[in-house]
Amino acid sequence: MVLSEFAGVSMPDWIDALLRIIFIVALMTIMAFALIYLERKILARFQARVGPTRTGPIGTLQSIADALKLIAKEDVRPITADRWAFELAPYMAFVPVFLVFVPMPFTETWFIRDLNLGLLFVFGVLGLNIVGVVMAAWGSDNKYALLGGVRAAAQAISYEIPMLLIIVAVVMVAAGRLAVDGDASAAGSINAIVGDQTTTPYILLQPLGFFIFIIGMLAELHRPPFDMPIAESEVVGGYFVEYSGMRWGMFFLAEYTALFLLVVLASSLFLGGWNWPFGADVGLGLQIVLTFVKTSVLIVLVIGSRALFPRLRIDQLMSFSWKVLLPFSIIQVIANGIILAYGGPDWVVGLVSFGLLVALSGLVYYIMRRKQGEGTRTVQTTPATPRVITAPEVTPVEAGGD
Amino acid sequence: MEEGVTATQVVFWILAVVMLISAIGVVTAGNIVYAALFFIASLAGVAGIYLILTVEFIALVQLLIYGSAVVILILFALMLTRARERPQALFGRSRPLGIAAALGLLAALIGGIVATTWTTPESSTAFEPVGLQAIGDAIFTLWIVPFIIVGVLLSIALDGAIMLASPDEDDN
Amino acid sequence: MTSRRTPVASEEPPGNEPPPGSIAETYREVMPLVDFDAAMTKGDDVALTIPLESIHEVLERGRDDARLQMNLLRNQTAVDWEDRGLEIVYHLYSIPLRQAVTIKSWLPAEGAVVESVADLYPMADWAERECREMFGIEFIGHPDPRNLLLDEDIDIHPLRKSHPLAPIEMEQGVDVEFFTKQYPPPEPAEEEDAADETAAAAAPERKRVEDMTEEEREQRRAEQAERVARARELAAVRRAERLAGAPPAGGPRPEGAAPPPPPAAAPAAAPAAAEVAPSSAPVQDDRPPAPPPPELPTIPDAEEDPEGRAAAQAERVRIGRELAAARRAQLRGD
Amino acid sequence: MVQQTFEGEVLTEPVVVEREFETVDMNINIGPQHPATHGVFRMVLTVDGEIVKDAVPYIGYMHRGGEKLSENLDYRGALGYQDRTDYLAAFNSEWVYVNAVERLAGIEVPERAEYVRLILAEFNRILSHFMFMGAFGTDVGYFGTAFTWTFKERERIQDLFEAVCGDRIMYNYFRVGGLAWEPHETFVEDSHWVLDQVEVGITDVDELMTNNEVFVARCRDIGAMTADEAIAFGVTGPMLRASGVPFDLRVDEPYSIYDRFHWEIPVGERGDVYDRYLVRLEEMRQSVTILRQALDQMPTSGPIEPERMPARLRPEPGEIYMRQENPRGEYGIYMVSDGTDKPWRVKMRSPCFHNLSSLRPQVLNTYLADAVVALGSIDIVLCEVDR
């Protein structure tokens, strides 16, 4: 039996794996509860209101109250729904998201498994999430769900490709820096990438990468401005419209867990995770705090985008991915390739990437301005010239008007 | 060297059974969408087999490409055309012909397996894991030509798809 | 409802001719063949009454002619003048020339048929559909003559005067008696008018509360208290009757007709300064007692005999209408 | 007493046969119960994938026979129905009805009452446009941000209304000939304070939505209507002005004391959803300028109802088509009197009814999401559509 060591106690291999799985599930549910509460509070702040305050001291027990409500609710299944697809969908959407937790580095030594192919594993498994969504859409035999499911599938595929290409660009940069005597196979693991960011976080080397990764993440999570699949004003809740009770809770939990994990991934890939300002020699406690500070910054950004952005239409969403994000990420990969192949220094990579980012945002701004019309105000105002009405010239009347 | 059944063999047999069942499911499922879901299960099984052979890269790529992209496109197409349950295809006139062809293929496969002499690796444990760097070098140095040919092929296929999908002038 | 004198705008005294140079002249100039009967409406608009067959032509020329340019058909409706037939009304407005006109025309009461203008103004599509279901006017050439606001297979035309409110509600099973008894609807117009005018004329100048002297205010407060007490006592009497189930004072009230006016509570406008009638005497209802309510056929269940059910419903509606007409005639005293 | 049930009543729901198309077209039912319909309105869309092939609107769910009931009440009694037709701009609707009766009966409205009416009506216009901003924001996709921001401002205006007439939505404050009672003493100061808050609110909404890339992408060139098309459908109000026609009843056919103020009419260019939004936004600002001028010019004291008012109003026979500029368009009352104390015929010309009839051409061959946005941009109030 291969003894492996978990928190200082050596035990048989499979018990160790079991413990880690239990740890994943526990931490994820707690994190999801916290995120649900935080989202409602932060969203309330954006909308000039207070958010939940009744349950618990300042509403802190709100998500527990939600969970209890969901458990108490009856799991309704429409008669015409396809039994197996309808019931298995939440698990199919729920499990891959938990698997993504495995290669996530929280401190230098705290992670479930430092997989050599961490990044590829994350996206390989995350892809299965969409199967669950489509099963739910098709299973619940409801027009709105069908539309929501089709939109979700189209959106997932079209935003996964730019994200993967950007990850390739990041790994290229990491491989360049991590290559020890010609073997850069360590660059695949997320922890190694974080380890490399002691001095310069990758956001300086790949600003375009960060930008496209955040957009891809928003699309992957169906969060505004990409929440067309669950647009409440058109398809009224999209693929989980027929779910209720704990089944719906599972979709909800999966969504928030995916949000947390992808944000941790973004902060470790681009903001240096546990490593950036203080390096690796500082205590584990500070590293954990660092990770969570960066994660919460990004979470506020994601929640803010929910409050401040309307919803993109499905064809605009697709054309934005295929016509704008994809070309730019390909150019980014090629640029990285050329610079790194000819041994260019790191700041050149950063500069080129920053240039591409400026070009991208300029293009988006130009498209908006052209669409909006010449000036922002296409509405001129003509002075109100009433028809000839011989109205007495009114002097402001002081007292005793009658 | 038959010393005890190792863990990998147990996992292998489980996966093999799962794949077999889902493969049969793909063929015999009445509902087309069930067939697609069984298809996903069998592909995941293949990825599992790769994992047992400790070639994670190919396993993850298999999961990524087949598991999420290809099958989703199939489901995408199924949902849009709202394919209803049409079991006729299973019980059509050519059913016996189909069974005969399947059995013939099975016989050929078993014959091939029995005839070849498998070179048993020296140690019974798996080979040493192949690093990412090795794969990268191999693709871009040793097998660069097929890689480019495949790239060209795929882009042609992409253009063909665009031509088919784009609404031709007369109907919009 | 009570019948009334029914003069109408278009029969205005001749003095109501629109001023020279108004839009009536331009219309007569553009379409000399059509005889326009012009009149001024209250809102200083010009109302042209034209024969029925020239509606489509007048509206089309009105829209296309450079001098008129009536491009906005702002409103299209109809008015039911009972015995003198239906009047269909088009309000037009010209946005470039800032001038408005009302085109009206007379239709027979039964079997009214008009040529649809939906092809000229798409706006008329919905307006005419509503007009059709509310008044029963048939529009020839309307693209989609379905019901708009009411159900598909409903065949009553609510806005016709012949469609009285109470019997239909009674036919739908609403206990009109219960509602009318509790909240007496406004009194019938005729008898009240004379009494009111004299009262209003004779009532002393209504003084504002501020500039009343102290003892006047005191007296006003006493009157109010007295009136409130009497009203409360009356309500108690009414409740006692209803609980006991005995017919209220003044004989059983016919269903669907207006019950007698409330007891002599002073009209709100001018509290009668004269002595207040002792409240204990029962209220006198000097109106002719109404005929006893007929027993209405009960509506059998839909399953047993559907045609019996339809017949019963038709019967109830007929009785209701007949009864309303009888009561109206009685109230009018002829 | 046996309470008779409504067994006579047979509810026949218009049955839409949902044909199981062999092809991909689906019948999506944006039904009476749907967040996008702002009320009880049903639209059956035949959808091919995401493209809307056909749209069949169904109205009449809120039809209460307001016109028939008004014919059975005396002139003052039917005022209550006007609040309930356009409940987002009740003052404007009341004003039209009251003006119609005054014109028929030839009653002169005192100066101060005219000013108070105009001020309350313009406040109601701002209130109604704020409601549009909030509801439209939710349609386009703001998850409630636009809604809560605009309702913050609406609360302030509604508090002012509550102080003046005791109610927030169904005011019932105008009377034939003037007002029900004097507005409270600090009416002018409160109005000025509310106007300052409203100006801040308008700039908030402007900054949130106008230059937002996604908002522009979702609203530009959606449901575009040319000027002639709009006029042909009888569209009036902000939707018509957005198509480039400067037709505003306060200017073209001035009523009451609008000719004493100087303001500007916003006129759009392309007549699409974005222009309608811009026109309504600009209109709110113009209403603020009108209100400022009106509050300054308002006489501080004076009667609010004519001295001699007959107990029972009986205008001599005649007819009038009184129309005024409501936030949604031209709201007209065609009233025919026959000398008795009850109007012979009351026709309410509702702007939403005709604006809604122009929905179908806007929605054909667009995306499902655009159909919802186009419906939202018409700013319909179903009670007014069905009367």
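Which residues of α14(D) are buried? Select L368(D), A369(D), D370(D), A371(D), V372(D), V373(D), A374(D), L375(D), G376(D) and S377(D) to see them. Buried means that 20 or more other C-beta atoms, placed from the backbone, lie within 10 Å of the residue's own; 12 or fewer is exposed, and in between is partly exposed. Helices (H or I, at least four residues) and strands (E, at least two) are DSSP runs, numbered from the N terminus. After α14(D), click D379(D): its phi is positive, near 55°.

**Before you go on**

This is a predicted model: local features need pLDDT of at least 70, side-chain atom pairs count only at pLDDT 80 or more, and totals for chains, interfaces and linings use all residues. Residues are numbered from 1 along each chain as its sequence is written, while chains are lettered from A and ligands numbered from 1 in the order in which they are written.

Colour chain D by pLDDT, the predictor's confidence in each residue, from 0 to 100. The chain D average is 86, and 94% of the residues score at least 70. Residues 1–23 of chain D fall below 50. Where pLDDT is low, the predicted coordinates should not be read in detail.

**A helix pair in chain D**

Select α6(D), residues 187–209, and α11(D), residues 273–297. Their axes (lines fitted to C-alpha atoms over the stretch in contact) come within 11 Å and cross at roughly 160°. That makes α6(D) roughly antiparallel to α11(D), the word for angles over 145 degrees. Show the side chains in the contact, including L195(D) and I202(D) of α6(D) and V288(D) and L291(D) of α11(D). Residues are in contact if their C-beta atoms, placed from the backbone, lie within 7 Å.

**Where chains A and D touch**

Next, show chains A and D. Here 48 residues of chain A are in contact with 60 residues of chain D. On the chain A side, α10 (284–308), α11 (314–341), α12 (346–372) and β3 (380–383) each supply at least two residues.

**Backbone stops**

Go to P224(A) and P225(A): a cis peptide bond joins them, with omega about 0°. P225(A) sits in the loop between α8 (207–220) and α9 (245–270) of chain A.

Now find Q69(C). It is not a glycine, yet its phi is positive, about 50°. Q69(C) is in the loop between α2 (55–64) and β3 (72–80) of chain C.

Finish at S256(D), also not a glycine, with a positive phi of about 45°. S256(D) is partly exposed, with 16 other C-beta atoms within 10 Å.

Conventions:
Axes are lines fitted to C-alpha atoms, for helices over the stretch in contact, and angles run from 0 to 180 degrees between N-to-C directions. Angles under 35 degrees count as roughly parallel, over 145 as roughly antiparallel, 65 to 115 as roughly perpendicular and the rest as oblique. Two residues are in contact if their C-beta atoms, placed from the backbone, lie within 7 Å.
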